[in-house]
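Please open the structure in the viewer and keep the selection tool at hand.

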Amino acid sequence: MDFTPTEEQEAARDLAARIFGDLATHERLAAAGTGSDAELWKALCAAGLPGAVEETGLLGLVLLLEEQGRRTAQVPLAATCVYGILAVARHGTEEQRARLLPGLRDGTTVVTGAFPATGGVVADEGRLSGAVEWVPWLRDATHVLVADAGHGLWLVRTEDAARIERVELTAPWSAGRLVLDGTAAERLGTGSGSGAYADVLAAARVAFAGLQAGVCAGSLARAVEYTSVREQFGRPLSTHQAVQLRAADAHMDTEAIRVTAYEAAWRHDEGLDATEAALTAAWWASEAGKRVVHTGQHLHGGMGADLDHPVHRHFLWGRQLDAYLGCGTELLAELGDLLAKGEPS
């Protein structure tokens, strides 16, 4: 396996880093509250970054999401790319790709996902009924990719939903409760089997693990900067061995999240079975991720308890990502069942 980014992936990552660095500032994030930054989303789409994921693949998306996570930028990039662009490109019909991808590339179509399937939505002759308690970025979306109880994938226009209720999560993800009542839906692709559902779920787990890697890297960078200038007993906190050990452990955890996400993304892009690798990456994102964001807060001392301090935003994102798409114990149980069946990749 080779995780070395291509020239296209590097160029997209560097461009994303510049845009997030310029626009996802602490002041703008504070002004956005719990909503998304529409101007930042327009800038990303104008630069062609969502559309570039078609060429750079899931690994390219992971690199973009790392940069988003470093800044905790409030835009639906992960959801639109993994539930929209990649899902439609890999599993949509030729007609669906021609109709949906242009809007997804330029940002006029925003897709999120009602994932994972919990059995709360049932399909009956092209109409869906049921509720999904919270869907990230639902309040920004024009469409939502819904997984029904039988793992079928359906695209629903948010304007057709029976009801969308505002939900506030730990992280500011513009979430909502989705209520469907005989709502018309469009089947993604030909609808044969549950392979498409498994593929999209695995890709989502990898993408959000990449986002967690960026969140953790950003939290650790803030902690390093703070402890290098904050003095105690006449010397910087960073010179104390206990601080160095906590920071070193957080660095190793962050690298473990990153490398497992890279491996899973590479396998996905190469057309290999990525189920086991995606579960592994998601487990590291959940278990190690919460350790890192807790460390980031602890190393800030009393400042870490300030709800207005930038590091607190990393903490909120890290804890939300810990729970999304399965927490550590759930993922470990799923991975154990996979190994027990003798079907690891």
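Begin with His268, a buried residue whose relative accessible area is 6%, bearing in mind that the model is predicted. It counts as buried because its value falls under the cut-off of 20%. His268 belongs to helix 8, which covers residues 241–269.

Next, select strand 5, residues 153–157. Four of its five residues are buried, so the strand is largely enclosed by the rest of the structure.

Which strand do five bridges join to strand 5? The answer is strand 4 (residues 143–147), and the two run antiparallel. Within this pair, select Leu145 together with Leu155, its bridge partner in strand 5. Then turn to the five residues between the strands of this hairpin, where His151 takes a positive phi near 70 degrees.

Strand 5 is also joined by two bridges to strand 8 (residues 186–187), again in an antiparallel arrangement. Here, select Trp154 and, opposite, Arg187 of strand 8.

The last stop is Leu316, located in helix 10 (residues 310–323). Leu316 is partly exposed, with a relative accessible area of 24%. Apart from residues up to four places away in sequence, Leu316 touches Thr170 and Ala171.

Definitions and conventions:
Residues numbered from 1 in each chain as written. Predicted model: local features only at pLDDT ≥ 70, side-chain atom pairs only at ≥ 80, totals over all residues. Heavy atoms only, no water. Buried < 20%, exposed > 50% of the residue type's maximum accessible area, 1.4 Å probe, protein only. Contact = heavy atoms within 4.5 Å. Pairing = 2+ DSSP bridges.
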